[in-house]
Amino acid sequence: KMLKNLVVFITGGASGLGKATADYLLSNGARVVVFDINAPGDNNLSPKNDNPIGEVFSPHVTNSNCLFFKGNVLSTNDVETAINKAKERWGGLNVALNCAGVSISCRLYNPNNDHPLDLHEIQKVLNTNVVGNFNVIRLAAQAMAENKNEHGENGVIINTSSIAAYHGSGTQTVYSAASGAIVSMTLPIARDLASCGVRVATIAPGFFKTPLTHSNNITDEVKQFITTPNAFPNRFGDPCEFAHLVTTVIENKMINGETIRLDAGSRYEI
Ligand SMILES: NC(=O)c1ccc[n+]([C@@H]2O[C@H](COP(=O)([O-])OP(=O)(O)OC[C@H]3O[C@@H](n4cnc5c(N)ncnc54)[C@H](O)[C@@H]3O)[C@@H](O)[C@H]2O)c1
């Protein structure tokens with residue numbers, strides 16, 4: 001089985017899509033470093049500087065194939081330390097999955113209360129989702145290039161964008177721009193890392209059932225509205241379905257430089 005013993009680095013792995021993928025890969029024999037600014041179960045998205053960076057605990061305490069690292073994708077030191085730990089323990093890095101991300105839903109300028117969106121809110125989303133992605137990719141690529149695997153296949157990098165990259169609503173301008181940047185970086189990075197034997201692909205999910213889309217401040221009405229543009233099936237995606245596509249991208253060596261929509265045919269017309 002191809003997944004067995006692969007070493008996989010998952011950012012945002014403490015929650016939602018990243019956590020579901022960590023669970024799926026672990027149950028298929030992979031070794032996983034869960035890298036997240038928050039511990040599993042902690043849904044507060046703001047960084048906590050008082051907590052030490054590094055190996056804290058494994059969310060799968062009985063599973064010696066899983067390490068948890070508390071760290072920020074925007075920190076070179078955090079990402080390098082976590083990747084080095086994986087290399088020390090398991091001898092190399094094969095896959096990096098970028099699921100860390102934040103989202104805001106807000107108008108750029110709201111004439112009703114004469115309020116332009118705070119600049120730091122814009123910077124937070126672009127920094128985490130775009131700069132953070134670049135940071136992980138450059139350091140993961142460096143580690144993968146050391147692999148010298150048979151057939152020159154040294155690693156796979158998988159990013160998470162969103163269908164907002166293609167048709168975001170009027171309250172998703174910043175998130176859409178960040179998602180679009182991830183789509184746009186995919187092919188050039190695949191070309192850039194080709195000589196290292198590293199493939200790159202991006203998944204653009206529609207709406208999946210995670211804490212991001214199922215927090216308490218989202219009403220049932222809104223949840224129902226969100227999946228209306230789906231062709232079929234008319235429901236939120238299950239994070240396991242995301243994990244399934246991640247494994248397909250890992251296993252199918254012809255997937256490279258492309259963004260794959262995973263959205264039940266959802267197309268917004270508004
Ligand atoms: N759930 C969906 O419907 C959906 C749809 C399209 C795209 N996405 C994207 O997929 C990704 C994962 O979404 P999710 O639903 O699992 O969200 P989530 O909020 O459940 O998980 C995101 C994780 O990223 C972590 N994180 C945030 N900032 C970080 C940082 N600076 N460093 C390290 N970790 C950080 C958070 O702590 C959290 O655990 C996000 O980028 C999101 O925008 C989600």
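**Close-up views of a predicted model**

A polar contact of 3.1 Å links the side chain of Asn 133 to that of Asn 159; the term stands for a pair of N or O atoms within 3.5 Å, where within protein one must be able to donate a hydrogen and the other to accept it, and residues adjacent in sequence count only if both atoms are side-chain atoms. The model is predicted, so local features need pLDDT of at least 70 and side-chain atom pairs count only at pLDDT 80 or more, while totals for chains, interfaces and linings use all residues. Residues are numbered from 1 along each chain as its sequence is written, and side-chain values use heavy atoms, with hydrogens and water left out.

View 1. Asn 133 belongs to helix α3, residues 119–145. Helices (H or I, at least four residues) and strands (E, at least two) are DSSP runs, numbered from the N terminus. With a relative accessible area of 3%, Asn 133 is buried; buried means under 20% relative accessible area, exposed over 50%, and partly exposed in between, with a 1.4 Å probe and protein chains only. Apart from neighbours within four places in sequence, Asn 133 is in contact with Asn 98, Thr 128, Asn 159, Ile 182 and Met 185, where contact means heavy atoms within 4.5 Å. Gly 71 is 62 residues away from Asn 133 along the chain, and their C-alpha atoms are separated by 14 Å.

View 2. The ligand is surrounded by 27 residues, of which the closest are Ser 15, Asp 36, Tyr 175, Phe 208 and Thr 210; a residue is counted as near if one of its heavy atoms lies within 4 Å. By class, this shell holds 12 nonpolar, 14 polar and one charged residues. Ala, Val, Leu, Ile, Met, Phe, Trp, Tyr, Cys and Pro count as nonpolar, Asp, Glu, Lys and Arg as charged, and the others, Gly among them, as polar. An N or O atom in the side chain of Tyr 175 is 2.5 Å from an oxygen atom of the ligand. Polar backbone atoms also lie by ligand oxygen: that of Phe 208 at 2.7 Å, and that of Leu 17 at 2.8 Å. Taken alone the ligand exposes 820 Å², and the protein buries 96% of that; these areas come from the Shrake-Rupley method with a 1.4 Å probe.

**View 3. Helix α7 and its packing.** Helix α7 has 13 residues (239–251) and reaches 19 Å from its first C-alpha to its last, close to the 18 Å expected at 1.5 Å a residue. The expected span is 1.5 Å times one less than the number of residues. At the N-terminal end, Asp 238 caps α7, with a side-chain oxygen 2.8 Å from the backbone nitrogen of Cys 240. The buried residues of α7 are Pro 239, Phe 242, Ala 243, Leu 245, Val 246, Thr 247, Val 249 and Ile 250. They pack against α1 (16–27), β5 (95–98), β8 (155–160), β9 (198–205) and β10 (258–262). Thr 247 has 5% relative accessibility and, leaving aside neighbours within four places in sequence, is in contact with Leu 3, Tyr 24 and Leu 25.

**View 4. Asn 154 in the loop between α3 and β8.** Asn 154 lies in this loop and is buried, with a relative accessible area of 8%. Its side chain reaches the backbone nitrogen of Asn 149 at 2.7 Å. A polar atom of the Asn 154 side chain is also 2.9 Å from the backbone oxygen of Cys 196. Beyond four places in sequence, the contacts of Asn 154 include Leu 93, Asn 94, Met 144 and Gly 197.

**View 5. Val 7 in strand β1.** Val 7 is in strand β1 and counts as buried at 2% relative accessibility. Among its contacts beyond four places in sequence are Arg 31, Ala 86, Trp 90 and Val 95. Val 7 and Cys 196, 189 residues apart in sequence, are 17 Å apart in space, C-alpha to C-alpha.

View 6. Most residues other than glycine have a negative phi, and most peptide bonds are trans. The peptide bond from Phe 232 to Pro 233 is cis, with omega near -5 degrees; Pro 233 is in the loop between α6 (220–226) and α7. Asn 5, in the segment before β1 (7–11), has a positive phi near 70 degrees and is partly exposed at 39% relative accessibility. Ala 264, in the segment after β10, has a positive phi near 55 degrees and is partly exposed, with a relative accessible area of 26%.
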